[in-house]
Amino acid sequence: MNKPASLRDLMAADAILVDLDASDKKTLLQLLSHHAAQSLGLAEHMLFDVLWEREKLGTTGVGAGIAIPHGRVDGLPDVRGFFVRLKSAIVFDAVDHQPVDLVFLLLAPEDAGADHLHALATVSRTLRDSAFCDKLRKAKDKKDLCTLLESVSTPDVAA
């Protein structure tokens, strides 16, 4: 995999969803699975199963209103991401028990190895920045969110 220059490089053109309406974690993961499956040409039920099984291992709600659901997917050629700003925060069983309104879905090939971990670390580090998350929450539209995500550079890590 070529190392992406920015967080946005992990994402397809249709990978930013604004004001998505989900009532709970399961519904959100179903909506994300549906959108990602259409975007990536994969089976929706398979994506949902990967994400749901990962949640059973422990929540991907990392705190401060943020969740980073992720998983390894058979048949995916490279690491792909999807960013979602929810219309209203939802209960996500986050580690700090706070509702979640910012979600970054990260999917990686089964054999991604270090690429998956580097992408996950970049997303996590970026979303730990409360000032950056405030900007994501206040962005007017998808274009503004895209610009913000493009401003985040990924580290050039040797394999």
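# Helix packing and exposure in a predicted model

W52 has a relative accessibility of 26%, so W52 counts as partly exposed. Residues are numbered from 1 along each chain as its sequence is written, and side-chain values use heavy atoms, with hydrogens and water left out.

**The aromatic pair**

How many aromatic pairs does a search of the whole structure find? The search finds one. Its members are F48 and W52, whose ring centres are 5.7 Å apart and whose planes are at 15 degrees, so the pair is stacked. To pair, rings of Phe, Tyr and Trp (its six-membered ring) must have centres within 6.5 Å; planes under 30 degrees apart are stacked, over 60 edge-to-face, and the rest tilted. F48 and W52 both belong to helix α2, and because they are four residues apart, about one helical turn separates them. F48 has 14% relative accessibility, so F48 counts as buried.

Two packed helices are described by the angle between their axes and the distance between the axes. Here, axes are lines fitted to C-alpha atoms, for helices over the stretch in contact, and angles run from 0 to 180 degrees between N-to-C directions. Helices (H or I, at least four residues) and strands (E, at least two) are DSSP runs, numbered from the N terminus.

Helix α1 covers residues 25–40, and helix α2 covers residues 44–57. Their axes come within 8 Å and cross at roughly 140 degrees. The two helices are therefore oblique to each other. Angles under 35 degrees count as roughly parallel, over 145 as roughly antiparallel, 65 to 115 as roughly perpendicular, and the rest as oblique. The crossing of α1 and α2 is right-handed. On the α1 side, K25, K26, L29, Q30, S33, H34, A36 and A37 make the contact. On the α2 side, the contact is made by E44, L47, F48, L51, W52 and E55. Contact means heavy atoms within 4.5 Å. Sorted by class, the contact of α1 with α2 has seven nonpolar, three polar and four charged residues. In this scheme, Ala, Val, Leu, Ile, Met, Phe, Trp, Tyr, Cys and Pro count as nonpolar, Asp, Glu, Lys and Arg as charged, and the others, Gly among them, as polar.

**Helices α4 and α5**

Helix α4 spans residues 130–138. It packs against α5 at an angle of about 160 degrees, with the axes 9 Å apart. The helices α4 and α5 are therefore roughly antiparallel to each other. Their crossing is left-handed. A crossing is left-handed if the near helix is turned anticlockwise from the far one by less than a right angle, and right-handed if clockwise. F132, K135 and L136 of α4 meet L145, L148 and L149 of α5 in this contact. Five of the contact residues are nonpolar, none is polar and one is charged.

**Six more residues**

| Residue | Relative accessibility | Class |
|---|---|---|
| D9 | 41% | partly exposed |
| P69 | 1% | buried |
| D93 | 53% | exposed |
| H97 | 71% | exposed |
| T126 | 10% | buried |
| K143 | 65% | exposed |

P69 sits in the loop between β3 (66–67) and β4 (70–73). Not counting residues up to four places away in sequence, P69 touches L29, L32, L51, E55, T60, V103, F104, L105 and L106. T126 is in helix α3 (residues 114–127). Leaving aside neighbours within four places in sequence, T126 is in contact with L7, F132 and V152.

Where is D93? D93 lies in the loop between β5 (80–90) and β6 (100–109). H97 is also in the loop between β5 and β6. D93 is not a glycine, although its phi is positive, at about 60 degrees. H97, another residue other than glycine, has a positive phi near 65 degrees.

D9 lies in the segment before β1 (11–20). D9 and L149 are 140 residues apart in sequence, and their C-alpha atoms are 8.9 Å apart in space. K143 belongs to helix α5 (residues 142–150). K143 and I16 are 127 residues apart in sequence and 9.2 Å apart in space, C-alpha to C-alpha.

Definitions and conventions: This is a predicted model: local features need pLDDT of at least 70, side-chain atom pairs count only at pLDDT 80 or more; totals for chains, interfaces and linings use all residues. Buried means under 20% relative accessible area, exposed over 50%, partly exposed in between (1.4 Å probe, protein chains only).
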